[in-house]
Structures are given as C-alpha cells and as structure tokens.
Amino acid sequence: MSDRIVHQGPFDIPDVPDFIPRRLKPYLFIIFVLIIQFSGGLYLASASEMAGTTALMQEDILMAGYASLIGMSVNFAVMFRIKFRFSNRTQLLSACIVLIVANIICARTSSVPVLVATCFIAGWFRMQATFACNSTIQLWLTPVRDMAIFFCYVYIVVDGVIQLSGIATIYTAFFSQWEYMHWIMTGILALMLILVLVLVRPVRTPLFIPLLGIDWIGAALWAVFMMCFTFICVYGNFHDWWDASEIRGAAFLGTACMGINLWRMTFLHHPYISFQAMGNRNVIRATLIYLVFFTLLATEHVFEHSYASGILGFDETNLIDLNWYALAGIVSGCGFTYFTFALHKWRYKTMAAIGFFLAAVYLAYFYFFIDYGVEKEMLFIPLFFRGAAAVIISIVFLTSIVQSGLPFTVFPQALTINGFTGAVMGATLGPALIGEWLRHTMAKNSALFGTNMEDFNPGITNIPPEQLFGMVRQQALVVSMKEIYGWLLTASIFSLIIILISYSNVRPFAIFPKWSTVRRMIKHLARTSEIESL
C-alpha cells in the first residue's frame, strides 16, 4: 500500500492553474464546500421570523427545508454520472447560479409550492457541487481512499456547518432582518462564482461519459414518494392525521409511487434504485439503526426548543447559543471516530455501542435534571453527547454501506437509501411520533393537574383563567417531557443491551476503488444501456 502512495506522486489538482501553490489548492475547494453548505436556499433557524413576517406556517417552512434534504438524497444515485459528464468548473458554476436564484426566491416568495420546489432543486445542486469538491480532494485527505477517514471529514464539515449556519442566521436576524442572511449568502455565492471563473479551469475527465441509461422516471417517482412521506410527518398533527383528506391523499400518492417503482424494478435493467441495493444486509441494518437511533434523539426537535423557551425563558439568541454545545460534540465525535474507528479499526459493534451509550447519557441527563431552574451552562453535557452520538452512528453505518459488497454501479443507489433514511426520515419520522406522543401525554397530565388543583386548592378559583391555564400547561409540559424521556431512556438501554450481546467481529475496511476503475465501470454501464435502448 505504501508503494501505491509513492506511485501516485505528489497530490495536485489540474483544474486549478499552477500560479496557485500546490499546497493551497485543496483548501480552495474546502472553502467552496463551506460556502455551498452554508447556502441552503432556506435557513430553518429563521423559521419563526419567516412565519411572523410572511403568510407561511412553521410546517410550510419545515417542509421546504426537508425538500432540500430530499433533493440531496435523490442526487446520490447519479452524482458519479454527472461528475463524469461535466467538468468541476461547470458543476460549480451551475450550483452557484442555482443557489443564488434559490436564495433570492426564498427571501421573496410566500408560495409554498414555489418554496418547496426551489429548495428541492437547490438541494440537488448543493449535493452535486459538494461531491464535485470533495471527490476532487479525496486523495489529498486519504491517499489510500479509506472511506472511514473521508467520512469523518465529510461529517465534520456538513454537521458543523448546520450548527454554524443556524447561529449566523439568528444573529443576522437579531441585528437586522432574517432576509439579510439570504442577501449575505447571495453576495458570498457571487464571490465564489468569480473565484471559480478565475481559478478553476474547464478540465474534462479522461473519459467522457454521456448521461445514458439513467432512470429519470424512477428518480421522479422516488422523489414524490419521499415528498409524500415528509408531508405526512410534517403536516400530520396540523391536519389531524388520517381524518384529513390531505394526509390520506399523500399516503395514497406515496404508496402508488412506491408500488410503481417496485413494479418497474422487476423488468428494468438499470432502475434508479434496484432490489440489490434495497435488499443488501448492511443497507437494511443501517436503515433499522437509523430509525431507532434518530427516534431516540427526536426530542431534539420536539422538546429542547419548547423547554428552553417555554420553561427556562430563553430568547432566540440564547437558544441558538446552544448550537455551540452541539458543535463541540460534533467536532469531538468526529475526532474520536477518526482515531478509533478510521485509524485503529475498532469494530462496528463497539462504535455502535458507544453511540447508543452517549444517546442514553443524553436522555438520562434530561430525565433526571429537567427542572424549572436549569442554567444554560448545565445543558452543555447532554447537547455535547447528542452531537457526538449522532456523528458516530452516521459515520460508522455509512462506512458499513461502502463495505457492503455491492457492485460500484449499485453502490450510489444505496447512498440514496442511506440519505433518505438517515437524513429525511431521521429528521421527520421521529419528531412526528414523539410530537404526537407528547400531545396525548400532555392532555392526560393537564386534565389530571387541573382536577388536583381544584380539589386541593379551593381558592384557586380566584386566579384568572389565563394564568391558571398557563400554570397547568407548564407543569404538564415538564412532567410529560420527563415521562417520555424516561421511556426513551429505557428503549436506549434496551437497544444498547441488544448491541452488546450480539456478536460481530467486523472491522472497517472500506477502500474506495481508483477513479480510473470507477470511470471504466460507469462507461460500461452507459455503453450497455445505449445498446439496450437500440
């Protein structure tokens, strides 16, 4: 392996002119990645400000934000094909232009369909530009193409920027208006556009591979299915779930799209997502782990904001300052995973157990210490552990998919499944379930507390009804959250025990093939598809 590294020679990026020092070239692409990741088109941290100044609801803004994640997930299956069809310069210029337009539209429109469609397209181009940059510097990050090392870098950038983007958005809105974040990012994207025009040359790949044999109909059907799934999770509580025709219609449309895709997979030679990818053992295991793990951590989306603002009385700036604690956990989790999992090849079982243990500590802390007088600094420990646990599980099981034994032409399809289950379902299904659970638990506890207050405090009738209702609701919220935290803690401990008693001696050995090998496989796939179409 050392001979292979020497044979590759010093790392260089032919897309960048030689008047840029060779050592600085990779950092130019890292800057591009950071700008692209900051530019989401829509910034969920400003959802409350957007809802207050536009005709949009919180659910509308969340739906648009998750549409961006869906666009990113759908792109995974074709990102290699696009890379070998267009130069890095073309991909980056296209992404800059699309994201500039997306930022302008999202700052100006109040139409939900326009907002959702814009964010979906922005997510697609955001993912493609990110991949174009990261794949260019992959050999600089890991000359042996060890994907465990590469994914540590990916998650520290992606998850870290999510936290920093929220902080920047809130402070921008605090000192001015929420729209200014869009104008600032538009200006930064315009600067990146100029840098790409000046510093990135249109270098074609050694093998030009046309976009033949791609199942675009399947891509559209999968996107609609993901949209319907997300719509049900986001709007379910607002529309009272299955009593509403909108939810039933979304369920029918999503099921129909899934059924059509499964039917088409039985006779298409190259479906957008194949049975081989869906039925892979590592893909199924990762999907199940994601569903359980991110449901346990769904309290982040449901409880933390309500607790910090409604109980502790934090304003928006104090709330967003909690992102620094999660960011510290993300950086530490990526560093820990790099030294243990990527370098020293700790087992998947060990890393999964550590991730679930940290999740259990996060839940236990809130279960035992949740109260009316918690200081902001006391929230460092649970948020730190939550951030670390999330990146550990994500890195480990994404690496397991690379090591799943799938042919490389099928591997990107598994990434689409991983993106949907890990990012989209992880952000929508768990909060929908926990949110509905909280609603029923609060109704039960509110009725119980209201009855007890009347029975044991006869003078309570002198308190104004609004104040009385607020007291009952606040107490019911704290007790309900503690109750749900307790059940989730029990589930996390049970999951940890299952992992500990299971047997697994598999260690990471996820080595990415050479780019020349990847090009040959994709070219063979395109040639085969062209022959079949004739």
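This is a predicted model: local features need pLDDT of at least 70, side-chain atom pairs count only at pLDDT 80 or more; totals for chains, interfaces and linings use all residues.
Close-up 1. Just after H17, Lys345 adopts a positive phi of about 55 degrees.

**Close-up 2. Helix H6 (residues 88–108) packs with helix H7 (residues 112–136) at an angle of about 150 degrees.** The axes of H6 and H7 lie 9 Å apart, and, because angles over 145 degrees count as roughly antiparallel, the two helices H6 and H7 are described as roughly antiparallel to each other. The crossing in which H6 passes H7 is left-handed. On the H6 side the contact is made by Asn88, Gln91, Leu92, Ser94, Ala95, Val98, Leu99, Ala102, Ile105 and Cys106, while H7 contributes Val114, Leu115, Thr118, Cys119, Ile121, Ala122, Phe125, Gln128, Ala129, Ala132, Cys133 and Thr136. Sorted by class, the residues of the contact of H6 with H7 are 16 nonpolar and six polar, with no charged residues.

**Close-up 3. Helix H9 (residues 147–175) and helix H10 (residues 179–199) pack with their axes 8 Å apart.** The angle between H9 and H10 is about 120 degrees, which makes H9 oblique to H10. The crossing of these two helices, H9 and H10, is right-handed. Ser165, Ala168, Thr169 and Thr172 of H9 make the contact together with Tyr180, Met181 and Ile184 of H10. The residues of the contact of H9 with H10 comprise four nonpolar and three polar, and no charged residue is among them.

**Close-up 4. Helix H14 (residues 281–296) and helix H18 (residues 348–369) have axes that come within 10 Å.** The axes of H14 and H18 cross at roughly 25 degrees, and since angles under 35 degrees count as roughly parallel, H14 is therefore roughly parallel to H18. H14 passes H18 in a crossing that is left-handed. From H14, the residues Ile289, Val292, Phe293 and Leu296 meet Gly355, Phe356, Ala359 and Leu363 of H18. By class, the contact of H14 with H18 holds seven nonpolar residues and one polar residue, with no charged residues.

Note on methods: Residues are numbered from 1 along each chain as its sequence is written. Side-chain values use heavy atoms; hydrogens and water are left out. Helices (H or I, at least four residues) and strands (E, at least two) are DSSP runs, numbered from the N terminus. Axes are lines fitted to C-alpha atoms, for helices over the stretch in contact, and angles run from 0 to 180 degrees between N-to-C directions. Angles under 35 degrees count as roughly parallel, over 145 as roughly antiparallel, 65 to 115 as roughly perpendicular and the rest as oblique. A crossing is left-handed if the near helix is turned anticlockwise from the far one by less than a right angle, and right-handed if clockwise. Contact means heavy atoms within 4.5 Å. Ala, Val, Leu, Ile, Met, Phe, Trp, Tyr, Cys and Pro count as nonpolar, Asp, Glu, Lys and Arg as charged, and the others, Gly among them, as polar.
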